Amino acid sequence: MDLYIAEKPELAKAIKEALSGAESIAKGYFIKGDNIVTYAVGHLLELYKPDDYDEKYKNWSFDCLPIEIKEYQYKPKDSTKEQLKIICSLINDNRVSRIIHCGDADDEGQILIEEILNYAKNKKPVMRVLINDLTKEAIQKEIANMKPNSEFKLISDRGFARSIADWEVGMNLSRAYTIAYRLRGGQGGISVGRVQTPILSLIVNRDYENSNFKSKDYFAIKAKFSLSSGGNVVAPLLLDKDERIEDENRANEIKGSSVGFSFGVKVSATEKKEEPPLPFNLLTLQTLASKLFGFSAKKTLEVTQTLREKHKAITYNRSDCEYLPTTAFENAPAVLKAVSENIGLDISKADTSYKNRAFDDSKLSAHYGIIPTQAKFDKANLSKDELDIYRLIAQRFLMQFFHPCEYISYAISFEKDEICFKTNARRNIKLGFKEFFSDTSDDDEIETIGTDLLIYNNTTADCSDVIISKEKTKPRPLYTMTSLLKDLNSVAKYVKDEKIKKLLLEKDKEKKGENGGIGTPATRSDMIEKLIKEQYIEISKDKKQQIKSTDKGKNLIRCCSNLLATPDMTALWYEYQKEIEAGNRTKDNFLFSVKNDIEVEIERIKSGEEFKMEVNNSGIKCPNCNEGVLVRRLSQKTKKYFWGCSAYPNCSGIFGDDNGKPILEKKEKALRDENSITCPKCNKGFLIERVSQKGFKWLSCSEWKADNSGCDAKFKYDNNGNIVDFDNTPKRDENSIACPKCNKGFLIERVSQKGFKWLSCSEWKAGCDAKYSRNENGELVEMIFNKN
């Protein structure tokens with residue numbers, strides 16, 4: 001039998017449908033004819049944590065860095081252990097003679113299935129099938145063209161190299177930064193990574209640009225021209241890039257040289273077509289959902305996950321591709337019919353015979369654009385958020401069956417001597433999809449007209465007025481969720497190093513919609529959520545979702561090396577990974593290089609010369625070790641404050657707290673002598689006399705510690721000078737009489753309000769109800785009460 005292992009359940013179902021034979025279903029897999037089809041649910045395994053390799057890594061110290069790993073190992077994820085066990089049992093099933101690897105057609109999909117095969121210690125032959133299209137015919141075609149998995153070894157090496165390198169950077173440098181932060185008195189941890197830290201750097205730099213921006217005055221100039229037909233056109237003054245008129249006298253001179261004068265008119269026209277926007281990938285969907293509904297990237301991802309997995313309503317939702325396979329065009333009528341029945345979308349004007357640019361097999365990546373499926377459901381079963389997102393996806397797919405908008409783009413200029421005013425306009429010829437859908441153009445500056453402006457070419461127009469408005473330069477606005485997501489797919493534009501910029505752009509040359517980005521649409525939302533959780537950034541609660549870095553975030557970027565705070569690492573890794581895939585370098589060479597970079601960074605942090613991360617602490621050196629600083633902490637046991645060393649656990653210095661200040665004066669330790677009274681509570685320490693600021697004398701145990709832990713016994717003196725509890729309970733001494741009833745406590749004399757004397761057990765709180773009186777001879781007599 002052949003065992004097909006798919007990356008996701010829906011792919012497994014599609015493969016099952018493409019195979020022939022009798023069908024049966026078991027827990028975690030399908031049987032179809034002479035085939036078994038099972039599935040992963042994303043990554044079922046994860047790399048070991050450092051302390052899984054060696055207990056010493058539980059101690060976070062520079063002495064244990066960098067982490068030394070000879071052989072990287074994987075362990076099951078808790079959430080998917082059961083499915084992994086099922087797959088491993090099938091791999092080793094005697095009925096199975098061959099494995100068919102059906103991971104996604106990229107290096108991540110390659111290693112996802114190979115992790116499982118390696119974990120199961122598979123020795124059976126493995127074939128590879130690359131499936132982009134989930135239709136029956138497409139899958140059957142790919143199965144017929146399957147290849148030995150050994151042909152994909154270099155892609156596998158590339159994928160494992162990147163995955164392990166990310167682990168090395170995250171584990172080693174997050175620990176190094178955390179240790180350095182704590183040594184300076186910081187509390188909590190510092191998390192860094194190849195993708196999340198450059199994203200934070202973008203936000204921090206935008207914040208600094210905004211806060212440090214010094215606005216300048218300038219003058220915007222527009223002129224109003226009267227055309228020969230009697231119409232008017234308003235056009236701004238044409239200036240060189242970044243040029244502004246900052247001198248008001250110059251602005252007035254231009255006005256004086258323009259108003260009342262005749263200008264020559266030049267008009268050029270270009271016929272253009274505006275295609276409907278392509279189907280969504282995850283990034284474009286997250287961006288629009290943020291703009292329209294105020295959704296976070298994570299929320300959009302979660303909603304689409306539910307639409308795909310629970311309702312089967314959409315295709316793969318984590319796609320980075322906007323194009324569709326040609327088979328999706330063939331299935332379009334059935335899909336649109338289902339959409340119409342599901343949510344009442346009007347499809348009557350769609351032309352399903354029109355095949356537009358979206359249907360292009362040559363532009364597909366491991367996945368294709370996010371579109372509706374043929375699944376039918378009652379929309380009442382969808383939440384409002386699910387319905388909103390589904391409607392967006394359905395409408396965007398519907399747009400693909402409308403013709404483009406055809407228009408003429410005009411560039412019209414008014415020239416006199418060295419003065420030129422210029423504007424643009426468009427005239428729609430055929431509205432196409434714009435007749436049925438709202439305007440999707442981002443260019444709101446272009447005026448739409450109904451006149452052919454070419455008739456004014458080489459004519460003249462009089463300038464009837466010049467409007468001068470005083471403006472102020474503005475910085476680029478703070479990031480919002482929408483603008484950040486857009487920027488993350490084109491961070492190369494902020495890179496000054498031409499080599500790095502070129503590598504980032506080359507990395508994305510086969511990815512439509514990506515232009516030198518960092519991360520993937522799915523990982524970006526995860527990284528943003530992590531930055532929020534680590535308190536590096538804050539996001540406003542309104543629909544705009546404005547993003548700002550916190551002091552902690554700015555602090556981290558100030559201390560980061562360029563390798564971490566820029567996209568350089570992603571670019572340089574890409575270059576190395578190309579070499580691995582080409583067979584010119586090995587995975588081990590790459591990891592050796594990464595480890596060297598990590599060691600250099602650890603030494604930089606360890607030296608402390610450049611790591612000047614600000615922390616909120618006392619600024620007082622620990623008297624115990626003279627390395628760390630004192631940090632005020634709250635005891636989880638007593639809920640009282642004390643001061644500990646930032647170098648803990650290497651230094652265990654602990655000091656008391658005096659209204660928010662550490663008590664540094666060392667009091668002379670009291671010594672036990674023959675008169676010392678052993679603490680009745682712990683029987684370890686002895687009682688020490690204390691005096692409050694108001695002169696009140698009391699006693700506490702010598703085992704009490706500065707952090708308010710240890711023995712908390714407290715006693716005072718009664719009116720006769722006897723030592724009693726704070727609740728006036730006498731203490732056992734050599735004259736005390738043991739309780740005859742429980743043999744644990746001792747008898748205490750009590751006096752009633754009427755002067756009657758009697759004795760009860762000191763353990764009455766613990767349940768001993770012994771009560772005695774004395775007869776005329778002074779002997780103990782048990783007091784018996786008639787309960788009736």
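Predicted model: local features only at pLDDT ≥ 70, side-chain atom pairs only at ≥ 80, totals over all residues.
D166 lies in helix α6.

**D166 and its surroundings**

- The relative accessible area of D166 is 24%, so this residue is classed as partly exposed, given that buried means under 20% and exposed over 50%.
- With neighbours within four places in sequence left aside, D166 is in contact with R194 and W573.
- W573, one of these two partners, is among the buried residues of α19.
- D166 and G193 are 27 residues apart along the chain, and their C-alpha atoms are separated by 7.3 Å.

**Helix α19**

- Helix α19 covers residues 568-582, and its 15 residues should span 21 Å at 1.5 Å a residue; the end C-alpha atoms are 21 Å apart, so the two values agree.
- The buried residues of α19 are D568, M569, T570, A571, W573, Y574, Y576, Q577 and I580.
- G583 follows α19 and has a positive phi, near 85°.

**Helix α12**

- Helix α12 consists of 12 residues, 332-343, and reaches 16 Å from its first C-alpha to its last, close to the 16 Å expected at 1.5 Å a residue.
- Buried positions in α12 are A332, V335, L336, A338, V339, N342 and I343.
- Viewed down the axis of α12, the buried residues fall within an arc of 160°, and therefore they line one face of the helix.
- An α-helix has 3.6 residues a turn, so residues three or four places apart point the same way.
- The buried residues of α12 pack against α11 (326-330) and α13 (384-399).
- After α12 comes G344, whose phi is positive, near 75°.

- Strand β13 (residues 405-416) pairs with strand β14 (residues 419-430) in the antiparallel sense, over 11 bridges.
- K416 stands opposite I419 in β14.
- The two strands form a hairpin with 2 residues between them.
- Within the turn, D417 has a positive phi of about 50°.

Methods
Residues numbered from 1 in each chain as written. Heavy atoms only, no water. Helix = DSSP H or I, 4+ residues; strand = E, 2+ residues; numbered from the N terminus. Expected span 1.5 Å × (residues − 1). Buried < 20%, exposed > 50% of the residue type's maximum accessible area, 1.4 Å probe, protein only. Arc of directions from axis to C-beta. Contact = heavy atoms within 4.5 Å. Pairing = 2+ DSSP bridges.
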